[in-house]
Amino acid sequence: MKNIIALAVITFLASTTLFGQTYLDSTINSSTKKILLGEKGFSIGSYGEAHYNAPIESGKIRNATADLHRVIVFLGYKFNKKLQFFTEIEFEHVKEVYVEQAYVDYSFNSAINLKAGIILIPMGYVNEFHEPTLFNGVERPSVDKYIIPTTWRELGLGLHGIFKKANLKYQIYAVNGFNGYDGTARLSGSSGIRSARQKGAKAIMRTPAVTGKLTFFGLNGLRLGFSGYYGTSETSLNNNLDVNDADAVATADSTRVGITMASINAQYNLAGFQLMIEGNYTALSNTGEYNEFTGSNIANEIMGFYTELSYRWKMKKEKGYPQLIPFVRYENYDTHMSVGRGMVENDAYNREVLTAGVGFQLTPGTIFKTDYQWIKTVANPQPTGMFNLGFGYWF
């Protein structure tokens with residue numbers, strides 16, 4: 001984590017251009033721009049991606065999978081210049097349906113905007129920018145998927161805006177937290193906090209969580225973001241609980257876990273090259289009591305980081321597209337970084353992923369991708385392989 005922070009600082013200081021970038025909104029290059037920048041009235045669009053994943057392991061025959069991973073339809077209505085509604089309806093693996101976003105947004109001015117509904121938690125990069133044309137690789141980075149955990153959305157409300165003179169964008173929201181216990185443990189050593197997302201679906205919300213992000217965009221080619229999250233997981237044992245029953249209260253409290261998360265993400269673009277770094281650290285409290293009651297093995301600390309280098313080669317100099325985008329990305333994430341007394345860190349949960357591949361982007365809204373991944377753990381340092389092939393679209 002210290003190396004990630006140091007690299008971000010070095011990248012920041014290395015940029016000497018003093019002119020600020022044009023930066024209207026965190027979603028300027030994603031689906032919501034049709035609502036944010038469009039005319040009054042109804043808007044419709046879509047994005048999606050299909051994947052072919054072939055695991056490769058020495059001495060074994062393993063089946064590959066072909067999957068229409070997701071198709072998303074976004075709908076929006078701009079009532080007037082200040083008030084708008086936006087939603088994303090997601091179809092995953094052909095047969096699963098989710099609401100990924102659904103919120104109203106009211107703009108007082110560029111610095112103060114009110115948002116309420118199912119919103120994306122502003123942690124890291126991909127959780128906000130997850131259209132397939134906006135990240136490299138067939139699959140989303142493992143750190144974003146398992147540590148953030150993308151796509152992470154909850155029900156809440158809050159403020160966002162831009163301080164133009166300071167080249168800063170802020171977001172701050174109160175949202176429903178994780179559901180750590182619903183009769184079984186939703187937090188675990190292997191998947192961390194991912195399975196405890198409530199996604200705004202009949203979410204338990206005894207105490208809200210708070211999340212926010214500050215993004216600096218004042219130097220050409222550089223965007224630097226700092227994110228945070230603080231809350232306590234919810235439990236089904238609090239339902240109809242008699243506050244005078246000390247034993248029942250203590251039992252319910254033992255199934256709640258405090259979750260504090262910090263994240264840094266940075267992008268630097270120069271002459272077709274892009275350097276991306278992201279680091280995430282999560283501290284959890286009351287894990288001893290939680291593990292004892294539920295039989296789980298959640299850690300006290302979780303971490304993950306990655307660094308990625310890519311290059312955009314314009315195949316026709318006089319035109320922006322098509323483009324070839326070779327990239328390489330290294331990831332390390334550990335959902336058992338530090339554990340409580342009486343537990344042993346599971347080295348199988350300390351994972352490394354090296355991904356190398358190329359994207360062929362025909363237009364801003366269409367892309368074909370292929371890559372190869374070397375995946376290993378501290379417990380099993382012999383890498384297994386994964387060949388991935390896919391395509392994505394956005395309009």
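Let me begin with helix 5, residues 287-294, whose buried residues are Thr-287, Tyr-290 and Asn-291. Buried means under 20% relative accessible area, with exposed over 50% and partly exposed in between, using a 1.4 Å probe and protein chains only. Seen down the axis of helix 5, these buried residues fall within an arc of 95 degrees, so they line one face of the helix. The arc is that of the directions from the helix axis to the C-beta atoms. They pack against strand 8 (179-181) and strand 13. Just after helix 5, Gly-295 takes a positive phi of about 80 degrees.

Before going on, some ground rules. This is a predicted model, in which local features need pLDDT of at least 70 and side-chain atom pairs count only at pLDDT 80 or more, while totals for chains, interfaces and linings use all residues. Residues are numbered from 1 along each chain as its sequence is written, and side-chain values use heavy atoms, with hydrogens and water left out. Helices (H or I, at least four residues) and strands (E, at least two) are DSSP runs, numbered from the N terminus. The protein chain has five helices and 19 strands.

Is Thr-255 buried or exposed? Thr-255 is buried, its relative accessible area being 0%. Its side chain makes a polar contact of 2.7 Å with the side chain of Thr-235. A polar contact is a pair of N or O atoms within 3.5 Å; within protein, one must be able to donate a hydrogen and the other to accept it, and residues adjacent in sequence count only if both atoms are side-chain atoms. A polar atom of the Thr-255 side chain also lies 2.6 Å from the backbone oxygen of Ala-252. Beyond its neighbours within four places in sequence, Thr-255 is in contact (heavy atoms within 4.5 Å) with residues including Tyr-181, Tyr-290 and Phe-293.

Now the core. Which residues touch the most other members of the largest nonpolar core? Trp-152 and Tyr-229 do, out of 33 residues. A nonpolar core is a set of buried Ala, Val, Leu, Ile, Met, Phe, Trp, Tyr and Cys residues joined through side-chain atoms within 4.5 Å. Leaving aside neighbours within four places in sequence, the contacts of Trp-152 include Tyr-229, Phe-178 and Met-261.

Last, the whole chain. Of its 395 residues, 49% count as buried. The C-alpha atoms fill a box of roughly 70 × 60 × 45 Å, taken along the principal axes.
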